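Reader: I would like to learn how to read salt bridges and sheets in a model. Please take one feature at a time.

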Amino acid sequence: MTVIVTDTGFAPDDWTEGFVALGAANDAEALDVPSDADPNQIPICDGLHMVRIDFPSSADGRGFTIARALRLRGYTGRLRARGHVLADQYAMARRAGFDEVEIDANLAKRQPEEQWQFRANWQAHDYQNRLRGTATG
């Protein structure tokens with residue numbers, strides 16, 4: 001079982017359409033992207049509604065780079081981090097462009113909802129905004 005983490009806390013997964021592996025189709029509705037993918041090679045088409053980027057390890061930050069690159073290329077659909085993302089990394093995930101994080105039930109037990117929600121006001125802790133004096137909250 002998986003748990004979806006958003007700024008409002010834990011929720012069940014509401015995505016029912018399934019995922020297609022990157023490279024399997026150019027007109028997929030939802031893509032599964034590995035952490036070693038080249039973000040410039042990910043097709044962004046009108047019908048793409050969800051991109052799920054894998055985090056094989058909490059020490060592997062390539063997914064953050066992929067997310068940021070997709071947003072800079074103009075992707076506006078749902079962007080989900082999946083795998084070994086820790087509560088401490090939630091603010092970074094949101095700043096990189098992720099809308100949500102998918103974790104397994106075991107991680108949700110070890111790092112309960114309160115730990116994730118503590119970092120939900122991710123804009124208030126943006127280093128650059130703090131330096132400029134424009135941080136919220």
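Author: Side chains of opposite charge can pair when their charged atoms come close. Here Glu 102 forms a salt bridge with Arg 80, with the closest N and O atoms 3.0 Å apart. A salt bridge is a side-chain nitrogen of Lys or Arg within 4 Å of a carboxyl oxygen of Asp or Glu. This pair links distant parts of the chain, Glu 102 being in strand β7 and Arg 80 in strand β6, 22 residues apart. Strands (E, at least two residues) and helices (H or I, at least four) are DSSP runs, numbered from the N terminus.

Reader: What kind of model is it, and how are residues numbered?

Author: This is a predicted model, where local features need pLDDT of at least 70 and side-chain atom pairs count only at pLDDT 80 or more, while totals for chains, interfaces and linings use all residues. Residues are numbered from 1 along each chain as its sequence is written, and side-chain values use heavy atoms, with hydrogens and water left out.

Reader: Is Arg 80 buried or exposed?

Author: Buried means under 20% relative accessible area, exposed over 50%, and partly exposed in between (1.4 Å probe, protein chains only). Arg 80 has 0% relative accessibility and counts as buried. Glu 102, at 6%, is buried too.

Reader: Which other salt bridge does Glu 102 form with an Arg?

Author: The side chain of Glu 102 also meets that of Arg 52 in a salt bridge (3.3 Å, N to O). Arg 52 is in strand β5, 50 residues from Glu 102, and is buried at 10% relative accessibility. These residues belong to a network of salt bridges whose members include Asp 32, Asp 54 and Glu 100.

Reader: How many salt bridges does the structure hold?

Author: There are 13. One of them joins Arg 94 to Asp 7, at 3.0 Å between the closest N and O atoms. Arg 94 lies in helix α2 (residues 90-96) and Asp 7 in the loop between β1 (2-6) and β2, so the pair ties together parts that are 87 residues apart in sequence. Arg 94 is buried at 16% relative accessible area, whereas Asp 7 is partly exposed at 29%.

Reader: In what order do the strands form the sheet?

Author: Strands of a sheet pair through backbone hydrogen bonds, either parallel or antiparallel. Two strands count as paired if DSSP finds at least two bridges between them. Here seven strands form an open sheet with mixed pairing, in the order β2-β1-β7-β6-β5-β4-β3. The edge strands, β2 (9-11) and β3 (20-21), each pair on one side only.
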